[in-house]
Amino acid sequence: MALAQRVLTIRRDPHSGEVLARGGDPEAHSLLERTGFVPVVRRHETYHRLPTGLEQDEEIRLATRAVARLQTVGYDLDTDPDFATERREPHYLTLGDQVRHLAVRIREAESTEEVADTLTELTATHDGILAALTKVLHTAADFLQDLGHPADPHTAARLRHLADERLHVLASDLRHVRNDLADRQAVHPHRAPCPQEVAGDEREKSASCPCPAPARIPTTPSAPAAAPPAPAGRRR
């Protein structure tokens, strides 16, 4: 990872008075957002700012907390004196990290059964991740419905549409994939443990283990290989 991505500035902009955070990588951006910062995507840059309408004491509290969290996981910070702190905050595994670990399980899986078990965490009808996400969207829609802004009922309807239509299609497709894998009960041909031996029904005495040998990285340049002679007969 580039060293520059481990450096951030968190300062109050002298022109707008906003508290802005610039720099960092996706992990840093996630920490900023979890501390209350709002991402701003412009044509030539992306940065983060604190929400509008906060009291100055609250801005200092949030910016200082962001500094503490970022320093805990090794980022270098350039900040206003008001935001500087020696405090550190424990960094816990987020729900997103736990869900992302499912990808690790699939990457290491050797059989369709293992992948089907992992996808079940997403597709389980009652307590799967997608069922929970559907509940979250509906609950957020209920909150927005009568919040008071003219656009809130439209936003609530949009969330319900995402839950009932878009997410429903995703869940249905994933369940089909999961069920198909569960029925196949097969070992992935490129992930099964290497037996280090020739199959018992192999008739060719010259046969060797079917797993390809690891590629060698030459340490010195070699001359181009000479063109092979024209074959005189059938070659094995």
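Reader: What joins strand 3 to strand 4, and through how many residues?

Author: Two definitions come before the case. Helices (H or I, at least four residues) and strands (E, at least two) are DSSP runs, numbered from the N terminus; two strands pair if DSSP finds at least two bridges between them. Here, a hairpin connects strand 3 to strand 4 through four residues. The model is predicted: local features need pLDDT of at least 70, side-chain atom pairs count only at pLDDT 80 or more, and totals for chains, interfaces and linings use all residues. Residues are numbered from 1 along each chain as its sequence is written, and side-chain values use heavy atoms, with hydrogens and water left out.

Reader: How many bridges join strand 3 to strand 4, and in which sense do the two strands run?

Author: Strand 4 covers residues 46–49, runs antiparallel to strand 3 and is joined to strand 3 by four bridges. Two residue pairs may be located in the structure: Val40 stands opposite Tyr47 of strand 4, and Val41 has Thr46 of strand 4 as its bridge partner.

Reader: In what order do the strands of the open sheet lie?

Author: The open sheet has five strands in the order 3-4-2-1-5, and its pairing is mixed. Strand 3 (38–41) and strand 5 (76–79) form the edges, each pairing on one side only. From one strand to the next, the twist averages 25 degrees; such angles run from 0 to 180 degrees between N-to-C directions, and axes are lines fitted to C-alpha atoms, for helices over the stretch in contact.

Reader: Which residue of strand 4 is the bridge partner of Ala21?

Author: The partner of Ala21 in strand 4 is His48. Strand 2 and strand 4 pair over two bridges in the antiparallel sense.

Reader: Which residue in the turn between strand 1 and strand 2 has a positive phi?

Author: That residue is Gly17, with a phi of about 80 degrees, and it sits in the turn of a hairpin with six residues between strand 1 and strand 2. Five bridges join these two antiparallel strands, and Leu8 has Gly23 of strand 2 as its bridge partner.

Reader: In which sense do strand 1 and strand 5 run, and how many bridges join them?

Author: Strand 1 and strand 5 run parallel and are joined by four bridges. Thr9 has Asp78 of strand 5 as its bridge partner.

Reader: Which residue forms a salt bridge with Arg11?

Author: A salt bridge is a side-chain nitrogen of Lys or Arg within 4 Å of a carboxyl oxygen of Asp or Glu. By this rule the count comes to 13. Arg11 forms one with Asp80, their closest N and O atoms being 2.7 Å apart. The pair links distant parts of the chain, with Arg11 in strand 1 and Asp80 in the loop between strand 5 and helix 3, 69 residues apart.

Reader: Which strands does helix 2 lie across?

Author: Helix 2 (residues 56–72) lies across strand 1 (7–12), strand 2 (19–23) and strand 5, and runs at about 170 degrees to strand 1.

Reader: At what angle do the axes of helix 1 and helix 2 cross?

Author: Two packed helices are described by the angle between their axes and the distance between the axes. The axes of helix 1 (residues 26–34) and helix 2 cross at roughly 145 degrees and come within 9 Å. A crossing is left-handed if the near helix is turned anticlockwise from the far one by less than a right angle, and right-handed if clockwise; that of helix 1 and helix 2 is right-handed. Contact means heavy atoms within 4.5 Å, and here Ala28, Leu31, Leu32 and Arg34 of helix 1 meet Ala66, Arg69 and Leu70 of helix 2.

Reader: Why are helix 3 and helix 4 described as roughly antiparallel?

Author: Angles under 35 degrees count as roughly parallel, over 145 as roughly antiparallel, 65 to 115 as roughly perpendicular and the rest as oblique. The axes of helix 3 (residues 95–108) and helix 4 (residues 112–123) come within 9 Å and cross at roughly 165 degrees. Helix 3 and helix 4 are therefore roughly antiparallel, and their crossing is left-handed. Helix 3 contributes Leu102, Arg105 and Ile106 to the contact, while the residues of helix 4 include Val115, Asp117 and Leu122.
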